[in-house]
Each structure stands twice: as structure tokens, then as C-alpha cells.
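Could you walk me through this structure in the viewer, one selection at a time? I would like to know what to click on next and what I will find there.

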Amino acid sequence: MSPSFILLLIALYFGVLLFIAYLTGKKDSNEVFFKAEGKSPWYIVAFGMVGASLSGVTFISVPGWVESSQFSYMQVVLGYLVGYFVIAFILLPIYYKLNVTSIYQYLEQRFGSVSYKTGAFFFFISRVLGASFRLFLVATVLQYFVFDAWGVPYAITVIISIALIWVYTSRGGIKTIVWTDTLQTLFMLSAVFIAVFIIGKELGWSLENALSQPELKAYTKTFHFDDFLTKNYFWKAFFGGMFITICMTGLDQDMMQKNLTCKSLTDAKKNVLSYSLVFVPVNLLFLFLGAMLFIYANRNGIELPMLDGKAKADLLFPEIALNHGLSIWLGVFFILGLIAAAYSSADSALTSLTTSFCVDFLNIEKKEAKKQTSLRKKVHILISIILVLVIIAFKYLLDASVIDVLLKAATYTYGPILGLFAFGIFTKYKIKDKWVWLVALISVGISAILGNIPPTYLGGYVFNYELLIINGAITFTGLWFLKIKDC
């Protein structure tokens with residue numbers, strides 16, 4: 001597929017997004033941008049959140065991860081499912097009761113301003129990194145398959161990607177995103193179904209015999225109960241996944257901002273529970289696609305694409321979809337699915353970061369009404385510039401699977417948020433608020449030290465996503481020492 005044709009597809013896709021933005025952004029106000037006026041249908045939010053939860057990382061990196069980890073990622077996904085129930089029945093009732101714009105306002109009401117700013121700060125770092133990881137992956141694919149052919153520098157590719165998001169989110173904000181996410185989820189799921197169908201046909205598989213193929217068995221080992229010391233041990237992955245969901249969805253302004261646009265708590269619960277049930281089979285389908293891609297590559301002598309002198313499993317899906325003449329429709333839907341998957345999470349990240357910075361750090365709700373919209377727009381531009389700089393930096397820093405790096409980063413940055421919310425929900429103590437920031441930094445520092453201890457010093461034990469739980473527990477313990485005893 002030629003770079004010109006790919007670029008034409010992207011242009012047409014963004015034309016549709018801009019049309020949606022025009023329809024949803026006619027009323028340029030902070031109430032629309034931050035809360036969508038509280039009128040979003042729950043089923044629209046739920047369907048759109050499937051795409052936002054999966055993102056471009058799942059679309060490319062999960063299939064590419066199959067060779068090294070097989071289907072063990074499903075252990076994490078099962079933990080995700082339990083985490084969604086915690087969100088629906090513990091966290092959402094708190095947010096709706098307090099009627100917050102930013103979920104970290106709960107920490108201010110519970111503990112004080114320093115706790116509030118600490119939680120918002122760690123969200124900000126977490127979401128900048130998360131959004132940058134996702135867009136880095138997409139920008140890398142576009143660079144490799146499109147813009148390198150025209151000699152366009154990587155930095156320009158990144159700037160164009162962020163600029164397009166800024167254009168269609170600058171007015172309607174979360175209201176626009178609720179509706180664009182629905183379109184993006186549709187394209188993403190269509191792309192993976194079409195890819196499975198076309199590659200399966202090339203392999204000579206049918207619906208009846210696909211799961212019984214001998215070649216498939218080399219990739220499908222899912223559960224690991226035999227060795228507690230290993231990274232993929234079931235309970236480590238399961239509880240890690242559970243707490244990753246609680247933190248990266250339930251304690252994350254990006255994901256919760258969409259839930260808070262629903263008309264009522266009941267609708268918000270329906271939203272979370274419905275898309276959580278869809279999440280499991282969709283991830284399984286991505287893993288199945290990954291196995292098919294590696295089998296197809298082995299049969300046809302296709303090597304992993306090289307980028308900056310390194311073999312990149314994350315690029316196998318686009319390599320097969322775009323460069324091996326399988327079907328024009330596979331290439332078309334791959335591009336649409338890739339762009340949809342990436343931007344369904346990146347656009348909401350840009351909006352939520354703008355919301356958090358405005359509400360949590362600039363106290364925009366206390367400013368004069370006539371200044372609020374202008375301030376929000378300036379912050380929107382600032383956040384866009386920050387994302388551009390971080391994504392460009394990642395080109396020179398990352399060499400592992402993007403989804404693995406993303407989840408590892410989450411174990412450090414979301415731990416203090418987890419500890420703060422857990423202490424607030426499960427105890428009745430007040431704390432010495434002014435020292436909370438120090439507890440959070442110490443917790444991250446200890447967790448980072450633990451995560452980098454060589455396994456040989458720990459009897460062969462390898463830390464995985466359970467570091468997130470440990471990080472949260474350290475923060476919780478530190479807050480216990482800050483409690484005011486007469487409360």
C-alpha cells in the first residue's frame with residue numbers, strides 16, 4: 001500500500017472526526033468541555049470506552065507480545081474484569097455523591113489541599129506518560145510506513161499527530177470525545193475481525209478448525225501456576241491486573257471523566273459493567289490475531305521489521321497488513337483501526353490533562369467566568385506541546401514492547417494515588433496533610449528500588465505488576481504514621 005494512499009485514508013478519517021467535532025462543539029463552554037453537560041447516554045459512553053481502554057497499544061503491541069509471552073496476558077485481563085466491579089460499586093458512588101469535576105477533589109475534601117495536589121500531580125505524570133506511550137507507537141508506525149518515504153522528520157510526524165487531536169477537541173472537549181470514541185471503537189473492532197478473517201483464510205483455517213491447529217499450540221499457553229518466582233505467575237498477574245484497572249481507570253481522571261458525563265450513577269454503573277464484559281473476549285481476540293500473525297510470518301519467511309537497528313515485534317502487524325499484498329481491505333481497515341485505536345485514547349488524554357490542570361492546579365472554577373474559556377484554551381495548547389516533547393524523547397529511550405513499558409510505568413506512578421484513595425475510603429482518620437507529598441515520593445522511590453533489584457538477590461523472584469500493590473501499600477502505611485490520633 002502506497003504512502004499516498006495511506007495518507008488519503010487518514011485525511012478522510014479526520015474529516016469525519018472534524019465533522020463530529022463541529023456538531024458537538026457548537027457550544028464552546030467549560031461545562032461542555034469538562035462534563036458534556038452531564039447528558040451522555042451510558043451505552044454510547046460504554047461502547048466508546050472499549051476503544052479508549054484498548055488503545056493503539058493493544059491494537060499493535062498485544063499481538064506483537066504473543067511471541068515472547070504467549071497468551072499469559074489474559075491472566076492480567078481477568079484481573080481487569082474484577083477491577084471494573086470495584087470501580088462500579090465503590091468508586092463511582094463516591095464521585096457522584098460529591099459531584100466532582102476532577103476526581104482528585106475527593107482528596108481535598110477528605111484530607112486537604114496537599115493531598116489533593118499530590119494525587120492530581122501523580123495523575124498528570126501518569127497520563128502524560130500513558131498518552132505519550134500510545135501516540136509514540138502510532139507515530140512510529142506512520143513514520144516507518146508513510147513519512148520515511150517522503151523524508152519527513154519524525155518530529156514533524158509527531159507534531160502533525162498532536163495538532164490533529166488538538167483541532168477536533170479544542171471546542172467540544174469531552175462531549176466531542178464521547179461521540180468520536182464510538183466511531184473509533186467501531187473501526188478498531190472491525191479492523192481486528194477483518195484481519196483475523198483474511199489471515200485465517202490465507203492460512204487455510206476455517207471457523208471450525210482454527211482453534212485445533214497444531215501451530216497455534218506453541219502460542220496459547222495462558223495460565224502459569226507452577227513457579228511463584230516468575231514474572232508470569234498467575235496470582236501476580238491477576239492481582240496486578242486488578243489493581244492496574246482500579247488505578248488506570250477508576251482513579252484516573254481521563255477514564256472517569258467520561259463516566260461522569262452519564263446522566264446518573266445508575267447509568268454510569270451500567271456503562272462500566274457492560275464494557276468490562278466486552279473487554280475480555282476482545283483482548284482474547286487480539287492475542288489470537290497475534291498468534292496468527294507469527295504463524296503466517298514463519299510460513300512465509302517474514303522477518304520482524306527493523307527500526308533503529310532493532311527488531312520490533314510491535315511492527316509485525318502493520319508489516320503484514322501493509323506490505324505483503326494480502327488484501328487491499330486488510331490494509332485499509334488496518335490503517336483505520338490503528339488511527340482509531342490510538343486517537344480514541346490520546347484525544348481523551350489531552351482533554352483530561354487539560355481538565356486536571358485547569359481544575360486541580362489553576363482553580364479555574366474560581367476564576368471570572370469571562371476568563372475561564374480563554375485560560376482553558378491556553379492550557380490545551382500547553383499540554384499538546386508537552387506531549388509532543390515527551391513522544392519525541394521516547395524514540396530514543398524505548399526498546400521494549402510498548403504495552404509492557406506502559407504497565408510497568410503505571411506501577412510506579414499510580415501507586416501513591418492508590419494508597420491515598422484506599423486510606424481515605426477504608427479509614428476514618430484525618431492526616432497531617434502537609435507531609436503527604438513526601439510519603440508519596442518515598443513510596444515511589446522504594447518501589448523503584450525493589451523493581452530494579454536483580455532477581456538473583458531475591459532467590460530468583462521477579463517483580464511484575466504486583467509492584468503497584470506494594471507501592472500503594474507503602475503509601476497507605478506512610479499515611480498511617482501521619483494520622484491525627486484524636487480523630
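Is Glu 215 buried, partly exposed or exposed? Select Glu 215 and you have a partly exposed residue, with a relative accessibility of 32%. Before going further, keep in mind that this is a predicted model.

**Stop 1**

Glu 215 sits in the loop between helix 8 (174-203) and helix 9, while Arg 299 belongs to helix 11 (residues 265-300), so the pair ties together parts that are 84 residues apart in sequence. Arg 299 is partly exposed too, with a relative accessible area of 42%.

**Stop 2**

Now select Asp 252 and Arg 127. Here is another salt bridge, with 2.7 Å between the closest N and O atoms. Asp 252 is in the loop between helix 9 (234-250) and helix 10 (253-259), and Arg 127 is in helix 6 (residues 113-145), so this bridge ties together parts that are 125 residues apart in sequence. Colour both by accessibility if you like: Asp 252 counts as buried at 0%, and Arg 127 is buried with a relative accessible area of 4%.

**Stop 2: Lys 236 and Glu 466**

Next, pick Lys 236 together with Glu 466. They form a salt bridge whose closest N and O atoms are 4.0 Å apart. Lys 236 lies in helix 9 and Glu 466 in the loop between helix 17 (436-451) and helix 18 (467-481), so the parts tied together are 230 residues apart in sequence. Both ends are buried: Lys 236 has a relative accessible area of 4%, and Glu 466 one of 9%. How many salt bridges does the count come to? The total is three.

**Stop 3: Asn 323**

Move to helix 12 (residues 316-323), where you will find Asn 323. Asn 323 is partly exposed, at 41% relative accessibility. Leaving aside residues up to four places away in sequence, Asn 323 touches Phe 145 and Pro 318. Show the C-alpha atoms of Asn 323 and Phe 145: they are separated by 8.9 Å, although the residues are 178 apart along the chain.

**Stop 4: the largest pocket**

By residue type, its lining splits into 13 nonpolar, three polar and two charged.

**Stop 5: the second largest pocket**

For the last stop, select Lys 408, Tyr 412, Gly 451, Phe 463 and Leu 467. They lie nearest the centre of the second largest pocket, which 16 residues line. Its volume is about 240 Å³. Which helix gives the most to this lining? Helix 15 does, with three residues; helix 15 (402-413) and helix 17 each supply at least two. Ten of the lining residues are nonpolar, four polar and two charged.

Definitions and conventions. Residues numbered from 1 in each chain as written. Predicted model: local features only at pLDDT ≥ 70, side-chain atom pairs only at ≥ 80, totals over all residues. Heavy atoms only, no water. Salt bridge = Lys/Arg side-chain N within 4 Å of Asp/Glu carboxyl O. Helix = DSSP H or I, 4+ residues; strand = E, 2+ residues; numbered from the N terminus. Buried < 20%, exposed > 50% of the residue type's maximum accessible area, 1.4 Å probe, protein only. Contact = heavy atoms within 4.5 Å. Nonpolar A, V, L, I, M, F, W, Y, C, P; charged D, E, K, R; others polar. 1 Å grid on protein atoms, 1.4 Å probe; cavity = no way out; pocket = protein on both sides within 12 Å on 5 of 7 lines; lining within 4 Å. Points joined across faces, edges and corners; volume = space filled by probe spheres on them.
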